[in-house]
Amino acid sequence: MTSLSARVVAYASVREFVPLYGLYALLFEDHGLDTRSISSLFVLWSVVAFVSEVPSGAWADTVSRRGLLFGSGALLTAAFTMWLVWPGYWGFALGFVLWGISESMKSGTFEALVYDELAARGCEHRYAAIMGYANAGEMTCVFVAILTAAPLFELGGYALVGWVSVAITVVDIALVGTLPAAPKVEEADEIAGRGDTVLVRYMSSLRAGTSEIRTDRVVRRSVVLAAALLACLAFDEYFALLARESGAETGFVPVLVALTAVGQVVGAATAGRTATMSGRTMGAVVVVGSALIAGGALAGGIAGFTAIGVGYGALHNTAIVAEARLQDTMSGRARATVSSVVGLTSEVLSVAVFAAYAIGSLWLPMAALVAVTVLPLVGLGVVAPRLLPAARPAGTERER
């Protein structure tokens, strides 16, 4: 189990060690884009991701999951390379198209690979803890990478920050080979054994996954909750712009943004401990977390970004718990497909967030925009007790 955890954490973490994360919004702005243009890029990113999300999840229930992760890494490398060789609106747009496809190929695929490997070992109850460690590793790398962006920028500007990021994505592609090739569920193997084509198996997985969401109310509610929580994390794309608006110099912006990553590290690392939280507790955490983000955005500075980090970390924790509860709830016949529907739904909701920023920037400063966009989280906190399934005791199967 320790070996599996280490491999999962290593792959997930290195993929997020991207210094560009702390500066790419400023890269766009310094190449002539305003908030509306930048928001349109984020919308394009989300649209591409949700269009390809469920199809890629169904492929992950049909073909090699590690193969899809290899392809995902290659597209991510190409995306950042495109930004560096064509630093204009259309170059940035093409990069986001590649990144969106890359994320959809990973989303659902990685989660299903890990859960099925644990299921094969009879350790499904460890999923929340392991994915919590993986997310903590991701956020730790984001934190370190963002801090690294500051000296890299001073030494070589956006070019050095960008090419270091590209090099790291290549390393992560190599780490895909260390991941286990988890067995698919029996139904998928039986279909393959009948000699059906890949297309037939693909359509079967797609139907099984979407049918489970339509017909199983508990799964459907879990999908909605997990997707909504993930979508509410979309406004982190604007943290760099928020920091600059509050008066921070470009070289200091990554330091402030890194404070938000610290909160995410703590939130993710404690997911194993909070995995059995009740819906009422989750609702309270969501409401308090949203209040901290709104207050921090209006306050600005180190204190404000510290508050944002605490609130953001709390939301990150609830998102991991909600996704883990979904994995326990679904049947597993088309695990990656169902997981990808979460990604699709969250991307659709993220488009609404990005559109709100694009329109709201005509009248409101960035601090007010961040504060306003967290208001829907209060409503999500109120309904969370109804949407979150009860925790399943270790070693038990869900009754259907």
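Biologist: Among contacts in the protein chain between residues at least 6 apart in sequence, what percentage join residues at least 24 apart?
Modeller: The structure is a predicted model, and the values that follow are computed from it. Taking contacts in the protein chain between residues at least 6 apart in sequence, the share that joins residues at least 24 apart is 84%.

Biologist: How many helices and how many strands does the protein chain have, and what percentage of its residues is buried?
Modeller: The protein chain contains 18 helices and 0 strands. Of the 400 residues in that chain, the buried ones make up 56%.

Biologist: What is the accessible surface of the protein chain, and what percentage of it belongs to carbon and sulfur atoms?
Modeller: The accessible surface of the protein chain comes to about 15200 Å². Within that surface, the part belonging to carbon and sulfur atoms is 66%.

Biologist: Which residues touch the most other members of the largest nonpolar core?
Modeller: The largest nonpolar core holds 88 residues. Apart from it lies another core, of 20 residues, which includes Leu-4, Val-8, Ile-130 and Ala-275. Within the largest nonpolar core, the residues that touch the most other members are Tyr-24, Phe-28, Trp-99 and Met-282.

Biologist: Which residues does Tyr-24 touch, not counting residues up to four places away in sequence?
Modeller: Tyr-24 is one of the residues that touch the most other members of the largest nonpolar core. Not counting residues up to four places away in sequence, Tyr-24 touches Phe-42, Trp-45, Trp-83, Phe-96, Trp-99 and Glu-237.

Biologist: Is the aromatic pair of Phe-42 and Phe-96 stacked or edge-to-face?
Modeller: The count of aromatic pairs comes to 30. In the pair formed by Phe-42 and Phe-96, the ring centres lie 5.9 Å apart and the angle between the planes is 85°. Planes over 60 degrees apart count as edge-to-face, so the pair of Phe-42 and Phe-96 is edge-to-face.

Biologist: Which helices hold Phe-42 and Phe-96, and are the two residues buried or exposed?
Modeller: Phe-42 lies in helix 3 (residues 35-60) and Phe-96 in helix 5 (residues 89-106).

Biologist: Why does Thr-35 count as buried, and which residues is Thr-35 in contact with beyond its neighbours within four places in sequence?
Modeller: Thr-35 has its place in helix 3. Because its relative accessibility is 19%, and buried means under 20%, Thr-35 counts as buried. Leaving aside its neighbours within four places in sequence, Thr-35 is in contact with Tyr-357, Ser-361 and Met-366.

Biologist: Where is Leu-33 found, and which residues does Leu-33 touch, not counting residues up to four places away in sequence?
Modeller: Leu-33 is found in the loop between helix 2 (24-30) and helix 3, and is buried, with a relative accessible area of 8%. Its C-alpha atom and that of Tyr-89, 56 residues apart along the chain, are separated by 7.5 Å. Not counting residues up to four places away in sequence, Leu-33 touches Phe-28, Ile-38, Leu-41, Tyr-89 and Phe-92.

Biologist: Why do the buried residues of helix 18 lie on the same side, and which helices do they pack against?
Modeller: The buried residues of helix 18 (residues 376-387) are Leu-377, Leu-380, Gly-381, Ala-384 and Leu-387. They lie on the same side of helix 18 because they cover an arc of only 125° around the axis. On the other side of helix 18, Val-382 and Arg-386 are exposed. The buried residues of helix 18 pack against helix 10 (217-231), helix 14 (279-299) and helix 15 (301-329).

Definitions and conventions
Residues numbered from 1 in each chain as written. Predicted model: local features only at pLDDT ≥ 70, side-chain atom pairs only at ≥ 80, totals over all residues. Heavy atoms only, no water. Core = buried A, V, L, I, M, F, W, Y, C linked by side-chain atoms within 4.5 Å. Buried < 20%, exposed > 50% of the residue type's maximum accessible area, 1.4 Å probe, protein only. Contact = heavy atoms within 4.5 Å. Phe/Tyr/Trp six-rings, centres within 6.5 Å; stacked < 30°, edge-to-face > 60°. Areas by Shrake-Rupley, 256 points an atom, 1.4 Å probe, with all protein chains shown as cover. Expected span 1.5 Å × (residues − 1). Arc of directions from axis to C-beta.
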